[in-house]
Amino acid sequence: MSNDRSMSNDRSMSSEGASPADQYGSSTNDYDSIGEEAGVEMQMSSLKKLNIENASDFLERSQLSACATLTHLTKHCANARLLCNNEQLLNNILLLAARLEHPLHTRCLEMLCNFTRFPSNNAYLASMPKVIEILTVGGKSKLAEDRLWSIRSIQNLCSDASSKVGLATG
């Protein structure tokens with residue numbers, strides 16, 4: 001019986017020094033974790049604000065990277081024909097090439113020039129009035145690089161006999 005008393009005495013001793021929260025199954029760690037969750041939410045909110053502020057910078061860098069990749073791809077024969085025949089891609093290149101204030105318009109003029117290096121693309125591009133208009137405006141640009149890409153493109157378009165008639169009659 002003395003063993004039973006000592007065990008019950010040990011139990012009462014262990015509960016005497018414990019906090020009420022420990023006796024009822026909760027702990028101060030639960031309250032700490034709630035505070036940590038609030039801190040994490042505040043950090044996430046701050047990160048969202050930071051991300052929103054940096055979104056335009058990220059977008060510009062992403063566009064530049066995509067444009068550099070496409071420019072590289074347009075330099076190869078097999079790719080140039082496929083890319084030029086992709087109507088959506090060509091329309092987007094023309095859209096950016098027409099925006100002289102956009103930082104990517106020079107790269108888009110370069111892509112057009114790369115497309116015109118391959119004779120199979122010339123008849124198709126020469127038949128598009130928007131292409132000729134953009135190249136004409138690019139040829140009048142204040143930027144030497146824009147003028148260079150535009151003039152080269154026009155020269156390449158004129159090298160194709162079937163394109164000459166369309167270009168001459170306007």
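A residue counts as buried under 20% relative accessible area, as exposed over 50%, and as partly exposed in between, with a 1.4 Å probe and protein chains only. By this scale R61 is exposed, with a relative accessible area of 58%. The structure is a predicted model, in which local features need pLDDT of at least 70, side-chain atom pairs count only at pLDDT 80 or more, and totals for chains, interfaces and linings use all residues. Residues are numbered from 1 along each chain as its sequence is written, and side-chain values use heavy atoms, with hydrogens and water left out.

**Overall architecture**

- The chain contains 10 helices and 0 strands, where helices (H or I, at least four residues) and strands (E, at least two) are DSSP runs numbered from the N terminus.
- Read from the N terminus, the order of elements is α-α-α-α-α-α-α-α-α-α.
- The chain has 170 residues, of which 26% count as buried.
- Among contacts with a separation of 6 or more, 62% join residues 24 or more positions apart, a contact being heavy atoms within 4.5 Å.

**Nonpolar core**

- A nonpolar core is a set of buried Ala, Val, Leu, Ile, Met, Phe, Trp, Tyr and Cys residues joined through side-chain atoms within 4.5 Å.
- The largest such core has 25 residues, and those touching the most other members are L90, I93, L94, L109, L112, F115 and L125.
- At least two residues of this core come from each of α4 (77-85), α5 (87-98), α6 (105-116), α7 (119-126), α8 (129-139) and α9.
- The greatest contribution to this core is that of α6, with 6 residues.
- Beyond residues up to four places away in sequence, L125 touches C84, L90, F115, T116, V131 and L157.

**Helix α9**

- The 15 residues of α9 should span 21 Å at 1.5 Å a residue, and the end C-alpha atoms are 21 Å apart, which agrees; the expected span is 1.5 Å times one less than the number of residues.
- The buried residues in α9 are D146, W149, S150, S153 and L157.
- Seen down the axis of α9, these buried residues fall within an arc of 95°, so they line one face of the helix; the arc is that of the directions from the helix axis to the C-beta atoms.
- The buried residues of α9 pack against α6, α7, α8 and α10 (161-169).
- S150 is placed in α9, which covers residues 144-158, and S150 is buried, with a relative accessible area of 0%.
- Apart from neighbours within four places in sequence, the contacts of S150 are L109, L135, G138 and G139.

**Salt bridges**

- Side chains of opposite charge can pair when their charged atoms come close.
- The structure holds 4 salt bridges, each defined as a side-chain nitrogen of Lys or Arg within 4 Å of a carboxyl oxygen of Asp or Glu.
- D57 and R61 form one of these, with the closest N and O atoms 3.3 Å apart.
- D57 and R61 are 4 residues apart in helix α3 (residues 28-74), and are therefore separated by about one helical turn.
- D57 is partly exposed, at 36% relative accessibility.
- E110 pairs with K75 in a salt bridge whose closest N and O atoms are 3.9 Å apart.
- Because E110 lies in helix α6 and K75 in the loop between α3 and α4, this pair ties together parts that are 35 residues apart in sequence.
- E110 is buried, at 7% relative accessibility, whereas K75 is partly exposed, with a relative accessible area of 39%.
- E145 and R107 form a salt bridge with the closest N and O atoms 2.8 Å apart.
- This pair links distant parts of the chain, with E145 in helix α9 and R107 in helix α6, 38 residues apart.
- Both are partly exposed: E145 has a relative accessible area of 36%, and R107 is at 26% relative accessibility.
- A network of salt bridges links K75, R107, E110 and E145.

**Helix α10**

- V165 is located in helix α10 and is exposed, with a relative accessible area of 56%.
- V165 lies 38 residues from S127 in sequence, and the two are 10.0 Å apart in space, C-alpha to C-alpha.
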